[in-house]
Amino acid sequence: MDRELMNLHVGKTIRVDRGGPESRIGKLLAVFEDYFVLLTECDGVVYYKTNHVRSITESSKDAMKLGVKTPENIDYKTAENFHKLLESIRFQWVRINRSGGAESLEGVLSDSNKHYASLIVKDEVVRFSMKHIRNISYGLIVEKA
């Protein structure tokens, strides 16, 4: 998804992708080099890699409602690109690919580089290919309105 196009929607409620397990409705908080930040009702703050997003939808009649009130000074991680974002949340409990399917993984982010991210999951170290990470979130959830 184009960064310029995404910047036009900052502060608005959008739907990421039209459907499927990774589709979410949320408020677009910020756009960076290769990812954007979305505040969602169920998952809290989710960081989406832009190269995996096929579409975004904005309601022409403001029909998409977000069930959480955005705090005035919401604190979320920022970095110039996705790799640096992962470095900033190292040793945090994260969830990769929020869909809940076979490609979803939850654990402590122990390391990352431009090729893979390492998660500690129970008594295993799992290396997840960077090109297959669609989105990631870490412990930040906002109270419902």
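Modeller: Happy to! One term first: two strands count as paired if DSSP finds at least two bridges between them. Keep in mind, too, that this is a predicted model.

Strand β7, residues 105-112, runs antiparallel to strand β6, residues 93-96, and four bridges connect the two. One place to look is Arg95, whose bridge partner in β7 is Glu106. β7 also pairs with strand β8, residues 116-121, again antiparallel and over four bridges. Here Ser112 has Ala117 as its bridge partner in β8, and a hairpin of three residues leads from β7 to β8.

The largest nonpolar core contains 27 residues, and Val37, Tyr47 and Phe82 have the most contacts inside it. At least two of its residues come from each of β2 (24-31), β3 (35-40), β4 (44-49), α2 (82-88), β6, β7, β8 and β10 (135-138). As a general background, nonpolar side chains in soluble globular proteins tend to be buried together.

With a relative accessibility of 2%, Phe82 counts as buried. Setting aside residues up to four places away in sequence, Phe82 touches Asp34, Tyr35, Tyr47, Lys49, Met130, Ile133 and Ile136.

Tyr35 sits in strand β3 and Tyr47 in strand β4, so the pair ties together parts 12 residues apart in sequence. Both are buried: Tyr35 has 0% relative accessibility, and Tyr47 has a relative accessible area of 0%. Tyr35 also pairs with Phe82, with ring centres 6.1 Å apart and planes at 65°; this pair is edge-to-face because planes over 60 degrees apart are classed that way. Since Tyr35 belongs to strand β3 and Phe82 to helix α2, this pair ties together parts that are 47 residues apart in sequence. Ring pairs link Phe32, Tyr35, Tyr47, Phe82 and Tyr138 into a cluster.

Ala79 lies in the loop between β5 (56-57) and α2, and is buried, with a relative accessible area of 13%. Apart from neighbours within four places in sequence, Ala79 is in contact with Phe32, Tyr35, Lys84 and Leu85. In sequence, Ala79 and Phe32 are 47 residues apart, but in space their C-alpha atoms are 7.5 Å apart.

At 11% relative accessibility, His9 counts as buried, because the cut-off is under 20%. The side chain of His9 reaches the backbone oxygen of Leu5 at 3.0 Å. Leaving out residues up to four places away in sequence, His9 touches Ile14, Leu28, Ile56 and Glu58.

Terms used:
Residues are numbered from 1 along each chain as its sequence is written. This is a predicted model: local features need pLDDT of at least 70, side-chain atom pairs count only at pLDDT 80 or more; totals for chains, interfaces and linings use all residues. Side-chain values use heavy atoms; hydrogens and water are left out. A nonpolar core is a set of buried Ala, Val, Leu, Ile, Met, Phe, Trp, Tyr and Cys residues joined through side-chain atoms within 4.5 Å. Buried means under 20% relative accessible area, exposed over 50%, partly exposed in between (1.4 Å probe, protein chains only). Contact means heavy atoms within 4.5 Å. Rings of Phe, Tyr and Trp (its six-membered ring) pair if their centres lie within 6.5 Å; planes under 30 degrees apart count as stacked, over 60 as edge-to-face and the rest as tilted. A polar contact is a pair of N or O atoms within 3.5 Å; within protein, one must be able to donate a hydrogen and the other to accept it, and residues adjacent in sequence count only if both atoms are side-chain atoms.
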